[in-house]
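Take a slow look at the sequence and the model below.

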Amino acid sequence: MSARSRKEGRLGWRITQVMTVLVYIFLFAPILATIMLSFNDSQFGGFPITGFSLRWYGVLWENARVIDAFQTSLWIALVTAVVTTALGIVTAYALVRFEFRGKQILGTLAILPALVPETILGVGLLILIKSIEQPRTLTILILGHILLALPYVVLIAQARMVGVKKIYEEAAMSLGASRLATFREITVPLLIPAVMAGALLAFTISFDNTSASLFWRPAGVETMPTQILSMLKTSISPEVNALGTVMIVMTVGIPLIGGLLVQVVSRLRRRRTTRESAK
Amino acid sequence: MASQFPPAQFRPVRAPRGWSLYDPRLAWLLVAPAALLLICFLIMPILVMGLYTFYTFVTAGVEEATLTFANWHEFFTDSYYHGFLLKTLRVGVVTALICGVVGFFPAYFIWATDFRQKWLLLLLLIMPFWISFTIRTFSWIHILGEQGIINVWLLKLGLIEAPLQMLYTEGAVIMGLLHFLLPYMILNVYVSLEGIDRTLIQAARSMGCTNAQAFREVTLPLSLPGLAAGLMLCFVLAAGSYVTPQLLGSGRDALFGNLIYDTIMGQLNWPMGSTLSIVLFFVLGSVAAIYTRYMGMSQIVKGLGG
């Protein structure tokens with residue numbers, strides 16, 4: 001019996017289809033509304049749309065605070081992505097390849113930052129800093145972001161690492177490669193998809209972080225999300241819509257292009273290996 | 001394994017300095033940076049926060065290290081805090097349940113469909129995670145607000161005289177939370193559906209089950225782990241939220257997270273803020289603990305790792 005005939009004429013399946021379409025509309029309608037309104041000529045942030053205009057993007061470009069916040073967030077996210085990826089890969093390597101005391105505890109602990117509400121992480125770190133009378137600095141903010149991104153990178157790297165047989169590493173070492181060279185030449189290249197995915201996710205988590213950053217940011221420093229929040233305090237302006245659209249294009253575009261590049265590179269590499277093996 | 005195999009001319013597999021290949025000491029060196037970060041930025045803060053709950057509040061921004069139960073006494077006796085806690089739990093439960101019911105359909109659809117471009121549907125589910133949470137939340141103002149699409153249309157069609165007050169209500173907060181949490185739920189249920197051996201369903205059908213029976217007796221029970229993980233995750237994230245009530249709710253719709261923020265950043269009452277944080281930590285932590293007691297961590301891990 002084919003899957004199709006099994007499903008045909010079933011009311012339940014119809015309802016499932018309709019609900020699925022509704023859920024997708026629910027997920028994307030507000031975002032599309034924001035993008036549409038960013039091109040609205042009206043000086044109010046809402047509907048109705050009165051005409052097409054790019055002027056709010058011009059206004060945005062002139063807004064020094066927004067540009068500042070953007071640069072701050074970009075740097076924080078870049079550093080977070082690089083450090084978290086390195087940290088996460090090494091941790092996942094140890095968690096998958098080694099047996100050691102406390103492995104279970106560390107494995108659970110590494111996931112915890114993703115499950116504890118950010119407000120609690122935010123308050124906790126703030127109080128710790130206060131109790132040892134240290135000022136809030138950019139370094140602490142970045143370390144906080146690394147903590148928040150770590151669980152995801154470790155999980156992704158672990159999942160991939162399980163699929164990489166340790167025979168490969170042991171073969172390299174038995175042929176005389178040093179431990180470090182083996183890690184560099186064998187382990188890391190085999191983990192490239194996880195490295196890329198982890199780095200992208202860490203970047204997005206940092207770039208997007210709101211609640212915890214409200215607690216941790218140094219006085220006078222705005223990140224992109226906290227800047228948007230403060231712009232929303234009065235009312236929703238067309239400028240915020242334009243800013244939202246720029247961010248959406250960036251944060252959706254970068255991973256999409258990144259993912260595409262990974263696919264192209266791996267396809268090229270596969271083609272090269274098949275050609276070499278054919279020789 | 002490898003040690004039995006290599007011929008004599010190969011160097012034996014050994015790490016430097018006489019350590020064995022998978023020496024625990026090396027493992028400890030490798031995890032040390034991450035462990036240090038987790039200790040300094042996760043464990044220590046929670047411990048210090050626990051200590052702060054017993055500090056004495058003097059005036060805004062000032063407290064004394066004189067140990068007292070005053071904060072805990074205030075929390076347990078003042079119904080103001082109980083109201084916040086109950087409302088937060090209620091919003092969390094309602095959000096998680098709606099997520100579970102609504103989110104099951106797309107997860108089931110993606111799993112069961114013959115549609116070739118399944119990856120596209122999954123990609124669309126992951127995409128919201130890339131879009132700034134703040135932007136996703138404020139975009140609801142364009143749907144529910146006075147100048148939102150619903151009000152503008154209803155006014156134009158003449159169905160209403162004045163704009164409906166939909167924004168800055170508890171309903172709007174729940175709507176925003178659903179928008180944020182549905183992808184988590186759908187992906188969790190989908191992952192667990194994907195793990196079902198499809199021949200089981202064929203077996204049930206061949207034994208005379210109707211489609212509905214096969215779904216009820218085989219598919220649904222086997223997808224419950226994912227559903228449970230999704231419910232837990234949605235509840236914890238909803239009950240811990242701060243930005244959504246801030247943007248979409250009125251002062252009355254503030255949740256526990258907002259209360260904590262105001263106590264710390266507004267009133268600068270650090271001891272009370274710590275007390276409230278520890279309360280939320282224990283309430284949500286015990287929900288998560290009950291869950292892991294029965295279901296284990298593995299499902300959550302699968303859901304988070306995509």
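How much space lies in the second largest pocket? About 650 Å³. A pocket here is found on a 1 Å grid over the protein atoms alone: it is an open set of points with protein on both sides within 12 Å along at least five of seven lines. Grid points are joined across faces, edges and corners, and a volume is the space filled by probe spheres set on the points.

A word on the model before going further. It is predicted, so local features need pLDDT of at least 70 and side-chain atom pairs count only at pLDDT 80 or more, while totals for chains, interfaces and linings use all residues. Residues are numbered from 1 along each chain as its sequence is written, chains are lettered from A and ligands numbered from 1 in the order in which they are written, and side-chain values use heavy atoms, with hydrogens and water left out.

A lining residue has an atom within 4 Å of a grid point. Helix 12 (224-231) of chain A gives two or more residues to this lining, and so do helix 6 (141-144) and helix 11 (243-248) of chain B. Helices are DSSP runs of H or I, at least four residues long, numbered from the N terminus. By class, the lining has 14 nonpolar, 13 polar and 4 charged residues. Nonpolar means Ala, Val, Leu, Ile, Met, Phe, Trp, Tyr, Cys and Pro; charged means Asp, Glu, Lys and Arg; the others, Gly among them, are polar.

Rolling a probe the size of a water molecule over the atoms shows where empty space is left. In a cavity, a 1.4 Å probe fits but cannot get out. The whole structure has 2 cavities of 30 Å³ or more.

The largest cavity holds about 50 Å³. Its lining is A:L200, A:F203, A:T204, A:F207, A:M250, A:T251, A:I254 and A:P255. Of the lining, 6 residues are nonpolar, 2 are polar and none is charged.

The second largest cavity holds about 30 Å³. B:F133, B:R136, B:T137, B:W140, B:G176, B:H179 and B:F180 line this space. Helix 5 (133-138) and helix 8 (170-194) of chain B each give two or more of them.

How do the two chains meet? In chain A, 99 residues are in contact (heavy atoms within 4.5 Å) with 96 residues of chain B. The area buried between them is about 8,800 Å², and carbon and sulfur atoms give 79% of it. Buried area is the accessible area (1.4 Å probe) that two parts lose on being put together, summed over both. A:Y24, A:F26 and A:F47 supply 7% of what chain A buries against chain B, more than any other three residues.

The rule finds 1 salt bridge across this interface. A salt bridge puts a side-chain nitrogen of Lys or Arg within 4 Å of a carboxyl oxygen of Asp or Glu. A:K130 pairs with B:E63 in this way, the closest N and O atoms being 3.5 Å apart. Helix 2 (residues 11-38) of chain A gives the most to the side of chain A that touches chain B, with 17 residues. That side has 65 nonpolar, 20 polar and 14 charged residues.
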